[in-house]
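User: I have a model open and would like to go through it piece by piece. Could you start with one of the helices and explain what you find?

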Amino acid sequence: MSSWERPESINLASERVAFGPMREDLAPVYNAWRNDFWMQRTWGNPIRPVTLEQPLAALERHASDEDTVRFTIYRHDTWQPIGSINLQNIDLEHQMAELGIGIGAAELRGQGYGTEATRLMLFYAFRLLNLHSVHLTYDGANPGAGKAYARAGFKPVGAYREAVLVDAKRYDLIHMDCLASEFTDPEVIHWGA
């Protein structure tokens, strides 16, 4: 296991995960995640290699996105960066946004970190941004994602049938949402680290 130092900036944390800003010095880590073809598939990205310059350019481009908030997800006990999470298409007038998440640390997938990070992001969305609803989509080739989202508080609202082609098989593109009125705050919230 690599040794990680506590990041200079931590915005929010729960029991096992913490959120901090996206960092230029972590571009090689983000790039490794982006080059994981399994991750590319679950994010709906084209399956192809990604150069280090691409995540660096994306960090710079995303810094000025007014309708998007992005965080690095850390393991709270080791400060290992394990993924990223975002709210995009934030619409403050209608109080809604779309959630996106990826656990890049393959060895930690399926251990509840994604569910906990999703719940922490919903706390941020509902309690700090005062949003009314958060929605997302995932493809049926990744049933674990649907289970994690359901544990975090999302409910299915529909699907585009057979809309996604993964590994030469057709899967539904499933839509879920969570309303502020249905959400229960995480038991543990830390402001900063």
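This is a predicted model: local features need pLDDT of at least 70, side-chain atom pairs count only at pLDDT 80 or more; totals for chains, interfaces and linings use all residues.

User: Let's take S5 then. How many of its residues are buried?

Analyst: Strand S5 runs over residues 96-103, and seven of its eight residues are buried, so that the strand is mostly covered.

User: Which way does S5 run relative to S4, and how many bridges join them?

Analyst: S4, which covers residues 81-91, runs antiparallel to S5, and seven bridges join the two strands. Within this pairing, Leu 87 has Leu 99 in S5 as its bridge partner. The hairpin of S4 and S5 has four residues between the strands, and Gln 95 there takes a positive phi near 60°.

User: What about S5 and S6, parallel or antiparallel?

Analyst: S5 and S6 run parallel, with three bridges joining them, and S6 covers residues 133-139. Going from S5 to S6, the chain crosses through helix H4, residues 113-128, and this β-α-β crossover is right-handed. In the pairing itself, Met 96 stands opposite Ser 133 in S6.

User: Is H4 largely enclosed or largely open?

Analyst: H4 is largely enclosed by the rest of the structure, because 13 of its 16 residues are buried. Its length also agrees with expectation: at 1.5 Å a residue, the 16 residues should span 22 Å, and the end C-alpha atoms are 21 Å apart. H4 is followed by Asn 130, whose phi is positive, near 60°.

User: Positive phi keeps coming up, so where else should I look? Start with Trp 79.

Analyst: Most residues other than glycine have a negative phi. Trp 79 is not a glycine, yet it has a positive phi of about 65°. Trp 79 is found in the loop between strand S3, residues 69-75, and S4, and it is buried, with a relative accessible area of 13%. Glu 162 is another such residue, with a positive phi of about 50° although it is not a glycine. Glu 162 is found in strand S7, residues 155-166, and it counts as exposed because its relative accessibility is 52% and the cut-off is over 50%.

User: One last topic. What does Val 69 touch?

Analyst: Leaving aside residues up to four places away in sequence, Val 69 touches Ile 85, Asn 86, Leu 87, Ile 90, Met 121 and Tyr 124. Val 69 and Ile 85 are 16 residues apart along the chain, and their C-alpha atoms are separated by 8.4 Å.

User: Is Val 69 buried or exposed, and where does it sit?

Analyst: Val 69 has its place in strand S3, and it counts as buried because its relative accessibility is 19%, while the cut-off for buried is under 20%.

Key. Residues are numbered from 1 along each chain as its sequence is written. Side-chain values use heavy atoms; hydrogens and water are left out. Buried means under 20% relative accessible area, exposed over 50%, partly exposed in between (1.4 Å probe, protein chains only). Two strands pair if DSSP finds at least two bridges between them. A crossover is right-handed if, with the strands pointing away from the viewer, the path from the first strand over the helix to the second runs clockwise. The expected span of a helix is 1.5 Å times one less than its number of residues. Contact means heavy atoms within 4.5 Å.
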